[in-house]
Amino acid sequence: MELFLDLLISGLTKGSIYALIALGYTMVYGIVGLINFAHGEIYMIGAFIALIASLALSQAGLAGWGLLVSVAAAAVVYSAMYGWTVEKIAYKPLRGSSRLSPLISAIGMSIFLQNYVQLLQSPNFLTFPSLVPELGFLAPVSHIVNSTQLFIWLATALIMTALTVLIKFTRLGLSMRAVSQDPDMARLSGVNIDRVISSTFVIGSALAAVGGLLIGCYMRQIDFYIGFLAGMKAFTAAVLGGIGSIPGAVLGALVLGFAESFAAGFISSDYEDAVAFVLLIVILIARPGGLMGAAQTQKV
Amino acid sequence: MRKITLAILALALLVSGPLSAQNNPEPFKIGYGGALLGNLASYGLSGFYGLEYAVLKTNAAGGLTGRQIEVIKEDDGCDPALASTAATKLAGGGVKVVLGHTCSGATNSALSVYGSNMLLISPSATEVGLTESGRNPYFFRTIMRDDVQADLQVEFVKKRGFKKVAILHDKGDYGKALADRAKAGFDAAPDSGVKVVLFEGVTSGQPSYDPVISKLRSSEAEVLLWGGYYADASKLALQMRSKKVNTIIIGADGLNNEAYVKMAGEAAEGTFATGPADISKNSSPAIAAALEDHKKRHSEEIGPYFFYAAGAAEALFAAIEKAGGDADLEAIKKNLQENTVETVMGPVRFDAKGDVIGAKATMYEIKNGQFVEVEL
């Protein structure tokens, strides 16, 4: 029973980690119709900026919650700038060309950003500080849940809710939905498409940066390559949940997290990836649009 | 005026290049393949500095078969795919004998390029099959094999009286072989009372090892044998300690690295790791001289493979000298197996499989952030 509870919590944490990254994938896809393979790299850059900022700011005397919040702010702002720039350089010039061109451009961007960080920062693993302060009330159960894990869950839930509200109830959200349904018609009715798409990338990248910061605190080490595996898993989660759907990305990520966790726990960790991907295939055969996605026929 | 002088100087240089080459015989080319970049570069550089030391010494004493030695180095980043590219480049560059590669997986893939046309001596590739399989006629190593490390781990667990053991590996060539050997060691002695309660492979580079740590907790293992490298091990250690799982970690030479302590910090304390015997601790004038020389030329630590590489190079040079060059690999092989060469790492001779005779492993423990040699 204790093993079951332990695995449940592991699965929840793993799922939330995937969800933090999957949300950005799914939002960009839902609005622009582009699989942004560079998203995993933005997450990695977010983690690096958080590390640099935390070193600089703790030198300046900040600590505890103040440090966490200011590091998060730095990572979010800087990564959002990266997201904005990537869109302007790699995707905007290709808008309107075939669907495959921006996909290739995205893969190129991803490789470029990886190598760029490797050359500019370090090819080695770097130690990441544990920035989330220990919460007193968690002390009795600290062997199963620590405050970083709790924070990852909360952040995932909060971000999912905020995004849903943003898309359903705000003016920006309305424009996003309009652009997603029919870009030409949206332009004719006075929506500034460029600005809407830029905002989508900025928001998606900001989310990735929050993910980078929290996951860094949890894993306690980062390198230039962490974006690849995490991005792959998050992309899988987004497809599983129905790419384009915000709650779907979280649901897909949690299903993936639980599947891996229980497969590792009750079968063997040799098979955790195999079980996760068999599950993906089975779900996609039964529901081609993903768990919460509408079935569509005109995909890549 | 100045431009003209420069032009004349440049011309003089151009002319003097080929002229001086005519006076001296062609340099003797020796290859070095290994991780010179990436996160395992500290291992690869350690071996390279060892080779460099032996080469400088030999060149100062007149070179090899009367020719100065030139080292051609290629990076493989410990990646099997890069290793076969590096090996192809070395083969194309007219090299017949190579020192390296750093990691077992990379060595294996490089060997498939060298085949029976080139000779390789590794100071650090420990995977058993490289020599045991009999597939590589011209492969030698000066380091102990993984089975020596795994046997030492098994011995250690028994001696310290642990009863429940978990074994995890990273599914790689190196890690899995170590894990399998250790498991076989425990299974072969059921009356020792030691039980393997968990045996699994985990995916390297994962964001979270939580599920397997949960399993480790419920298995109530007292010690965890880790077959793999330090990057995953440090993540595992951090996540285990943050979940209050205090199982003692025992690794092999893939964990035996300063970087493990740096990355795992507090969580690294009390970790055990086997490794090649630390030759730099032996007191001999040759070793002291090598240490002194290294300190003068490089700011980095000498690393674990310096003396294994220097010893390999010296034994190799002696065998080549005796064979009169690198044209006849069979003659070099015969010399390596029949003659004992006194090198900076001690006497070196190889057995019929290509393993050095008398290779030993040592157990270390991390105390106050330092690897300290411990008795079993």
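Modeller: Let us begin with the contact between the two chains. In this predicted model, 30 residues of chain B are in contact with 31 residues of chain A.

Colleague: How much area do chain B and chain A bury between them?

Modeller: The size of an interface is often given as the accessible area lost when the parts come together. Here chain B and chain A bury about 2,600 Å² between them, with 49% of that area on carbon and sulfur atoms. On the side of chain B, the residues that lose the most area to chain A are Pro207(B), Pro211(B) and Met263(B), which together account for 21% of what that side buries.

Colleague: How many salt bridges are counted between chain B and chain A?

Modeller: There are two salt bridges between chain B and chain A. One of them joins the side chains of Asp6(A) and Arg217(B), at 3.0 Å from N to O. Polar contacts are counted as well: across the interface of chain B and chain A there are 15 such residue pairs, both residues being at pLDDT 80 or more.

Colleague: Which elements of chain B each supply at least two residues of the side that touches chain A?

Modeller: They are the strand β7 (195-201) and the helices α8 (210-219), α9 (230-242) and α10 (258-264) of chain B. The largest share of that side, seven residues, comes from α8(B). By class, the side of chain B that touches chain A divides into seven nonpolar, 14 polar and nine charged residues.

Colleague: An interface may also be read within a chain. Which domains does the assignment give for chain B?

Modeller: The domain assignment of chain B gives domain 1 (11-143 + 282-359) and domain 2 (147-276). The C-alpha centres of these two domains of chain B lie 32 Å apart. In contact with one another are 15 residues of domain 1 of chain B and 14 residues of domain 2 of chain B.

Colleague: What area do domain 1 and domain 2 of chain B bury between them, and how many residue pairs are in polar contact there?

Modeller: The two domains of chain B bury about 1,100 Å² between them, 53% of it on carbon and sulfur atoms. Zero salt bridges are found across this interface, while five residue pairs between the domains are in polar contact, both residues at pLDDT 80 or more. On the side of domain 1 of chain B that touches domain 2, α2 (41-60) and α4 (104-114) each supply at least two residues. The largest share of that side, three residues, comes from α4(B). Its classes are eight nonpolar, six polar and one charged residues.

Colleague: How is an aromatic pair read?

Modeller: A pair of aromatic rings is described by the distance of the centres and the angle of the planes. The structure holds 21 aromatic pairs over all chains. One of them, Phe258(A) with Phe262(A), is stacked, with 6.3 Å from centre to centre and 25° between the planes.

Colleague: Why are Phe258(A) and Phe262(A) separated by about one helical turn?

Modeller: Phe258(A) and Phe262(A) are separated by about one helical turn because they are four residues apart in helix α10 (residues 246-267) of chain A.

Colleague: What should be noted about the backbone?

Modeller: Most residues other than glycine have a negative phi, and most peptide bonds are trans. In chain B, a cis peptide bond joins Gly100(B) and His101(B), with omega about -10°. His101(B) lies in the loop between β3 (97-100) and α4 of chain B. Cys78(B), a residue other than glycine, has a positive phi near 65°. The place of Cys78(B) is in the loop between β2 (69-75) and α3 (80-92) of chain B.

Key
Residues are numbered from 1 along each chain as its sequence is written. Chains are lettered from A and ligands numbered from 1 in the order in which they are written. This is a predicted model: local features need pLDDT of at least 70, side-chain atom pairs count only at pLDDT 80 or more; totals for chains, interfaces and linings use all residues. Side-chain values use heavy atoms; hydrogens and water are left out. Domain bounds come from an automatic or database domain assignment. Contact means heavy atoms within 4.5 Å. Buried area is the accessible area (1.4 Å probe) that two parts lose on being put together, summed over both. A salt bridge is a side-chain nitrogen of Lys or Arg within 4 Å of a carboxyl oxygen of Asp or Glu. A polar contact is a pair of N or O atoms within 3.5 Å; within protein, one must be able to donate a hydrogen and the other to accept it, and residues adjacent in sequence count only if both atoms are side-chain atoms. Ala, Val, Leu, Ile, Met, Phe, Trp, Tyr, Cys and Pro count as nonpolar, Asp, Glu, Lys and Arg as charged, and the others, Gly among them, as polar. Rings of Phe, Tyr and Trp (its six-membered ring) pair if their centres lie within 6.5 Å; planes under 30 degrees apart count as stacked, over 60 as edge-to-face and the rest as tilted.
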